Amino acid sequence: MKLPFKILKMLAETALDFVFPRYCLLCGKINPKGEYEHLCPECEVSLRILKGARCTLCSEPIGPESMPNIHGCPKCIDRKFQFDKSFCLCAFDGAAREMVHELKYRTGAHIVRDMAKVAKKFPELADYIRNAVLVPIPLHAAKALKRRYNQSDLIASMLVKTFPESNAKIRKILRRTRKTATQTTLDRESRADNVKDAFALAKAKSAETLPKNTNIVLVDDVMTSGATLSECAKILKKSGFKSVSAFAFARRL
Ligand SMILES: [Zn+2]
Ligand SMILES: [Zn+2]
């Protein structure tokens with residue numbers, strides 16, 4: 001007797017949940033049955049997906065989806081971002097914050113599957129990264145060694161896999177030149193100072209081979225003041241790249 005594929009898949013998933021139980025990131029509920037692998041339907045409501053109109057420069061939400069996007073808003077009017085535009089998927093609070101923390105601090109590489117589900121809600125992302133070179137924001141070597149992976153690398157890979165039609169590829173052409181304090185406790189000005197001149201082109205994987213009109217998209221987990229992404233964009237613009245934009249999974253509002 002041939003079991004339909006759907007039933008086989010369900011059986012396999014049930015067996016997998018039994019051996020490797022999943023937990024809701026917020027309430028700890030075992031093997032949640034919602035849309036996401038690591039969020040139960042009750043906690044899913046705290047995932048604030050930024051689907052409405054936004055400022056395409058700083059990704060600030062500005063109104064409902066029926067409104068057109070704007071480029072430059074009251075929040076970013078006095079900012080001198082070095083990137084041309086930015087794209088963020090959710091607000092950095094509730095479930096999104098837990099997803100990022102799980103990925104970053106709790107060796108939660110499995111969480112990118114849920115991040116991919118969020119990314120799929122933005123079909124326009126395929127255009128945003130079309131033929132792009134994705135450049136993950138690098139960690140300092142000491143931190144990378146401790147964490148064993150860079151969360152921005154994983155998010156960049158997630159984008160490539162989620163939108164194969166975009167023909168985007170990843171090139172790690174930046175490196176951190178010095179250790180920086182964590183940005184989380186700093187105010188906007190201190191954040192800019194903290195990351196100033198903290199990046200350079202990676203020597204081993206030089207950007208020399210890339211045409212200067214390449215669509216470069218910097219990839220980070222969270223965009224807060226935009227200081228880190230802007231500092232990285234500055235390095236790339238200085239080395240002659242014409243189009244440098246930013247992507248972050250979450251945006252601190
Ligand atoms: Zn829950
Ligand atoms: Zn703005």
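Trainee: Which residues in H4 meet which in H7?
Mentor: In this predicted model, Val112, Met115, Ala116 and Ala119 of H4 meet Leu154, Ile155, Met158 and Thr162 of H7 (contact is heavy atoms within 4.5 Å; helices are DSSP runs of H or I, at least four residues, and strands of E, at least two, numbered from the N terminus).

Trainee: How many of those are nonpolar, polar or charged?
Mentor: The contact has 7 nonpolar residues, 1 polar and no charged.

Trainee: What's the packing angle, and how far apart are the axes?
Mentor: H4 (residues 112-119) and H7 (residues 151-162) pack at about 50°, with axes 10 Å apart. The two helices are therefore oblique to each other (under 35 degrees is roughly parallel, over 145 roughly antiparallel, 65 to 115 roughly perpendicular, the rest oblique).

Trainee: Switching to Phe83. Where does it lie?
Mentor: Phe83 is in the loop between strand E2 (61-63) and strand E3 (86-91).

Trainee: Buried or exposed?
Mentor: Phe83 counts as buried, because its relative accessibility is 2% (buried is under 20%, exposed over 50%, partly exposed in between, with a 1.4 Å probe and protein chains only).

Trainee: What does Phe83 touch?
Mentor: Leaving out residues up to four places away in sequence, its contacts include Leu57, Met223, Leu229 and Val244.

Trainee: And how far is Cys73 from Phe83?
Mentor: They are 10 residues apart in sequence and 15 Å apart in space, C-alpha to C-alpha.

Trainee: What are the ground rules here?
Mentor: Residues are numbered from 1 along each chain as written, with chains lettered from A and ligands numbered from 1 in written order. Local features need pLDDT of at least 70, side-chain atom pairs 80 or more, while totals for chains, interfaces and linings use all residues, and side-chain values use heavy atoms without hydrogens or water.

How values were computed: Axes fitted to C-alpha atoms, helices over the stretch in contact; angles between N-to-C directions. Nonpolar A, V, L, I, M, F, W, Y, C, P; charged D, E, K, R; others polar.
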